[in-house]
Amino acid sequence: MQATLSIDLGAICANWRALDALSGPQVETGAVVKADAYGLGAAKVAPALKAAGAKRFFVAQAEEAVALRAVLGPEAVIYNFSGLMPGDDEAVVEHGMVPVLNSAAQVKAFAGKFKGRPCGIQLDTGMNRLGMEALETASVGFDIAALQPDLVMSHLACADEPLHPMNATQLATFSAMSFAIPARQKSLGATGGVLLGAPFHFDLTRPGIGLYGGLPFKGAHPVVELALPLIQVRDVLPGEGVGYGATWVATRPSRIATVSGGYADGILRAAGGLSLYAGKTPCPVVGRISMDLITVDITDLPETPASLSLLNTVQTVDLLAEKAGTIGYEILTSLGGRYQRRYLGE
Ligand SMILES: *Cc1c(COP(=O)(O)O)cnc(C)c1O
């Protein structure tokens, strides 16, 4: 029996509206739905966001753009952060993908084949990951002007740390570099940039994680719940071990529940000090997390529940991330394919 992952589309839309309300009425709010909407299912999430008012969507690969077009219809604008790579022409021509060109070579290739079609330009303002620096931009300045890009954008490296000096440096660099580019819209901020305030908003913001209930958007509505069904319950005597390596040994007569779910489902084995919840009552995970199974001490529960919850309003994605030594983004995108996915608020 599979565990149940509940995904609240209403909460995702409420988060989009809340982030949209943090910028002025002249600022458009897009939606980043790369990596299958951070693991939550772009085919469900993107149409819900479109119905809530989002018009511009962002993915990371042409294949994602093609899949997204099929569910969003012809009107939505679908930007691809990785630009135009070999093999991507069909995505542009047949599926209306708008590449965010991020090197002189990509600009040249696009200008040679697709002049007249919409494109974006990505500038590197200090992150050194994607985009063109000033000299490279200047080397294709003529081509960029001729393309009349829809969008010029860059990405902040440290937006989740509001006091980090790189934020102001990148803002100044972006303002200076984008000044020379005749694009219809400018965009700098993702979720963290929305929260940094008006100077970072420009014409279009690009939130991702905040839509899905994660930090740095502290005010986010929780989006996911994960309930793992009990397969069996056993009585364990003091001195008996539980799980691989017998790393946990009972010190009292214990009731141990074995639930369906493990590291093959994105429940990271490295996570320590985890609890599963029966309602609001935490029950400690005992022994190692294995591929398909987790063992939980339910001795103190008055009744045996049908399932225990791993993600909920108490143990959020970010709390789980902290216990696993990672970030909410990785918890979400690790959620595996073996869950029964239930969409709320469709
Ligand atoms: C992933 C990504 C975003 C969204 O970032 P969040 O922190 O999830 O809001 C925006 N822009 C770019 C270029 C990205 O790669």
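**Notebook: cavity and pockets**

I sorted the lining of the largest cavity by class and got three nonpolar, three polar and two charged residues. The model I am working from is a predicted one.

I then wrote down which residues make up that lining: Gln 122, Leu 123, Asp 124, Met 127, Arg 129, Leu 130, Ser 154 and His 155. The volume of this cavity came out at about 40 Å³. I searched the whole structure for cavities of 30 Å³ or more and found one.

Next I turned to the open sites. For the largest pocket I noted a volume of about 930 Å³. I counted 37 residues in its lining, with Tyr 38, His 155, Ile 209, Ile 327 and Tyr 329 nearest the centre. Helices H2 (34-38), H10 (191-196), H11 (317-324) and H12 (328-334) are the elements that each give two or more residues to this lining.

Which domains supply the lining of the largest pocket? I find at least three residues from domain 1 (8-212) and at least three from domain 2 (224-344). By class I recorded 19 nonpolar, eleven polar and seven charged residues for the largest pocket.

Last, I looked at the second largest pocket, with a volume of about 200 Å³. I listed 16 lining residues there, and those closest to the centre are Gly 213, Ala 220, Pro 222, Thr 316 and Asp 318. I classed the lining of this second pocket as nine nonpolar, five polar and two charged residues.

Terms used:
Residues are numbered from 1 along each chain as its sequence is written. This is a predicted model: local features need pLDDT of at least 70, side-chain atom pairs count only at pLDDT 80 or more; totals for chains, interfaces and linings use all residues. Side-chain values use heavy atoms; hydrogens and water are left out. On a 1 Å grid over the protein atoms alone, a cavity is a set of points where a 1.4 Å probe fits but cannot get out, and a pocket is an open set with protein on both sides within 12 Å along at least five of seven lines; lining residues have an atom within 4 Å of a point. Grid points are joined across faces, edges and corners, and a volume is the space filled by probe spheres set on the points. Helices (H or I, at least four residues) and strands (E, at least two) are DSSP runs, numbered from the N terminus. Ala, Val, Leu, Ile, Met, Phe, Trp, Tyr, Cys and Pro count as nonpolar, Asp, Glu, Lys and Arg as charged, and the others, Gly among them, as polar. Domain bounds come from an automatic or database domain assignment.
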